[in-house]
Amino acid sequence: MPRGRVLIVDDQPEVRQSLALILRRAGYEVVDGEDGETGIQAIRSGDNPLMVDVIICDVLMPRINGMEAVKYFRSQFPSVPVIVLTGHPEVERAAWFYELGVSDYLLKPISPDVLLGVVDNAVENHELFKDQFVV
């Protein structure tokens with residue numbers, strides 16, 4: 001049984017592949033999108049949204065950028081932790097993301113240990129949050 005399902009949204013194929021490899025080796029199921037638009041499509045498949053435990057999203061992407069995508073994810077799936085992973089950090093942008101409720105704002109490149117620690121923590125917090133609403 002997988003440890004959880006992670007949606008990776010990044011326009012760089014090598015970043016998506018690298019993150020997915022690390023996460024799959026650790027036992028996670030991975031779904032990905034090449035930009036905000038395909039990431040949103042992946043999670044919003046028809047009337048039955050794809051259930052994910054964590055979303056990892058880049059910032060600078062074509063079509064729908066990370067700011068728009070994260071805003072959508074936070075509004076439609078508020079219990080799902082969102083981790084922003086960017087190669088272009090800005091203090092103002094980081095503050096905006098934290099105000100929106102992202103769980104972490106991380107910089108590329110990221111070490112496998114840091115990635116797994118952050119994802120493990122986010123999945124654990126997501127499970128705790130879900131348990132509060134079980135009737």
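The model is predicted. Helix H4 spans residues 91-100. The structure holds nine salt bridges.

**Helix H4**

- Arg 93, Ala 94 and Phe 97 are the buried residues of H4.
- Viewed down the helix axis, these buried residues fall within an arc of 100°, so they line one face of H4.
- An α-helix has 3.6 residues a turn, so residues three or four places apart point the same way.
- The buried residues pack against helix H3 (66-76), strand S4 (82-86) and strand S5 (104-107).
- Val 91, Glu 92 and Glu 99 are exposed on the other side of H4.
- Just after H4 comes Gly 101, with a positive phi of about 105°.

**Salt bridges across the sequence**

- Side chains of opposite charge can pair when their charged atoms come close.
- Asp 120 and Arg 3 form a salt bridge, at 2.6 Å from N to O.
- Asp 120 lies in helix H5 and Arg 3 in the segment before strand S1, so the bridge ties together parts 117 residues apart in sequence.
- Asp 120 is partly exposed, at 27% relative accessibility.
- Arg 3 is also partly exposed, at 41%.
- Glu 29 pairs with Arg 5, their closest N and O atoms being 3.1 Å apart.
- Glu 29 is in strand S2 and Arg 5 in strand S1, so this pair links parts 24 residues apart in sequence.

- Glu 90 and Arg 93 meet in a salt bridge of 3.2 Å, N to O.
- Glu 90 is partly exposed, at 36% relative accessible area, whereas Arg 93 is buried, at 13%.

Technical notes:
Residues numbered from 1 in each chain as written. Predicted model: local features only at pLDDT ≥ 70, side-chain atom pairs only at ≥ 80, totals over all residues. Heavy atoms only, no water. Buried < 20%, exposed > 50% of the residue type's maximum accessible area, 1.4 Å probe, protein only. Helix = DSSP H or I, 4+ residues; strand = E, 2+ residues; numbered from the N terminus. Arc of directions from axis to C-beta. Contact = heavy atoms within 4.5 Å. Salt bridge = Lys/Arg side-chain N within 4 Å of Asp/Glu carboxyl O.
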